[in-house]
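Please open the structure in your viewer and keep the selection tool at hand. Each stop below names what to select and then what is there.

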Amino acid sequence: MKKLEELTRPNIWALKPYSSARDEYSGKEASVFLDANENPYNAPNNRYPDPLQWELKRKIAPVKHVLPEQIFLGNGSDEAIDLMYRAFCRPGRDNVVAIEPTYGMYKVCADVNDVEYRNVRLDANFQFKADGMLAAADGNTKLMFLCSPNNPTGNNLDRKEILSLLERFEGLVIVDEAYSDFSDEPSFLTELERHPNLVVLQTFSKAWGCAAIRLGMAFASPDLIGILNKIKYPYNINRLTQQEAIRMTEQHYQVKQWVRSLLEERARLMKEFGKLDCCRHVYPTDANFFLAEVDDAKKIYDYLVDRGIIVRNRTNVTLCHNCLRVTVGTRPENDALLEALEKYPS
């Protein structure tokens, strides 16, 4: 890869970050805080949270087998995605390359930051080739986005192709693993030491059952994480989110139980869904959802909405004509979906 200084926008590399009161204070015990213009009443929520979330990072590190210095925590993974653009892509000059179809926020962030977004269509098996991604790139391509397992297709991307891209692309490769807890494939966290141009995204929203607390994780080299920390808002993760995430890391065994239960339900639901008269094809998946081609996606979607059951209509997404994306719920929720579709007048 190119040197990190070459990839980083010059103004960001030279930026002196905002220094918060809690950044400046560190190292010794204190009981009287008169530094941050806080209200002394209503403890503990009157105090600003740790701007770098060190206690939480120290809890996450052994679970993910990384160093605390390799972790960036954001307000959802979307914050990390946006910061990658802001740190490395010059508006109106640089570009990024991503697969298509995939998670929509990569393009939204590109548009917000005035960065050209180049997509490379997946093949009929929802797979990509490193050669195709590299052919779409040029000297101003700073980032490449890969979601694996991919959203909305659900499948893991070819690991050999991802590794090939990491070895051949001079910029940064972001592998979004929001759904990796539901996959048998090993996480790309194991590749961080070998590939300094790798950024891995994960989240508390899926397997951890914490979508409401809005906590995303980015893992990369300490130097790259330092750049993201330099440009994030000072107190981007509130105290309540940090405390709930700490609580969850202390019972990560529960998460494994949830995942096992959801995988069992996924197999059952996909099998039964495939038997429905309105279903044409159920695609294989490595996530907590699956994509299914049906007779008429819009009509079936509206039919389910009228019965209080919400799935995702993906018919207007590339390669997903007449497809519904179905999240695996509890057994009663899944049964309600199946029972409704068994009565659908096809």
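Contact here means heavy atoms within 4.5 Å. Keep that cut-off in mind throughout; the model is a predicted one.

**Stop 1: Phe219**

Select Phe219. Skip its neighbours within four places in sequence, and Phe219 is in contact with Ile60, Lys64, Val66, Gln70, Ile71, Leu189, Leu192, Leu198, Val199, Val200, Gln202 and Ile225.

**Stop 2: the whole chain**

Zoom out and colour by secondary structure. The protein chain has 13 helices and 11 strands. Turn to the principal axes: the C-alpha atoms fill a box of roughly 70 × 50 × 30 Å. The radius of gyration is 22 Å; a compact globule of 346 residues would have one near 20 Å, so the two agree.

How much of the chain is buried? Buried residues make up 51% of the 346 residues.

Of the contacts with a separation of 6 or more, 69% are between residues 24 or more positions apart. Then select the charges. There are 44 positive and 49 negative ones, and their mean positions are 2 Å apart.

**Stop 3: Asn156**

Go to the loop between strand 4 (141–147) and helix 8 (159–168); Asn156 is there. Is Asn156 buried or exposed? Its relative accessibility is 12%, so Asn156 counts as buried. Beyond neighbours within four places in sequence, Asn156 is in contact with Gln127, Ser148, Pro149, Ser183, Glu185 and Asp286.

**Stop 4: Asn334**

Move to helix 13 (residues 331–342) and select Asn334. Asn334 has a relative accessibility of 3% and therefore counts as buried.

**Stop 5: backbone exceptions**

Most residues other than glycine have a negative phi, and most peptide bonds are trans. The next selections depart from that pattern.

Which bond joins Ala43 and Pro44? It is a cis peptide bond, with omega about 0°. Pro44 sits in the loop between helix 3 (21–24) and helix 4 (54–64).

Stay in that loop and select Asn37, which lies between helix 3 and helix 4 too. Asn37 is not a glycine, yet its phi is positive, near 55°. Its relative accessible area is 78%, so Asn37 is exposed.

Now select Glu100 and Pro101. The peptide bond from Glu100 to Pro101 is cis, with omega near 5°. Pro101 is in the loop between strand 2 (95–100) and helix 6 (105–112).

Follow the chain past helix 6. Asp114 is in the loop between helix 6 and strand 3 (116–121). Check its phi: the value is positive, near 55°, in a residue other than glycine. The tour ends here.

Definitions and conventions: Residues numbered from 1 in each chain as written. Predicted model: local features only at pLDDT ≥ 70, side-chain atom pairs only at ≥ 80, totals over all residues. Heavy atoms only, no water. Helix = DSSP H or I, 4+ residues; strand = E, 2+ residues; numbered from the N terminus. Rg over C-alpha atoms; globule rule 2.2 N^0.38 Å. Buried < 20%, exposed > 50% of the residue type's maximum accessible area, 1.4 Å probe, protein only. Lys, Arg positive; Asp, Glu negative; His and termini not counted. Charge placed at Lys NZ, Arg CZ, Asp CG, Glu CD.
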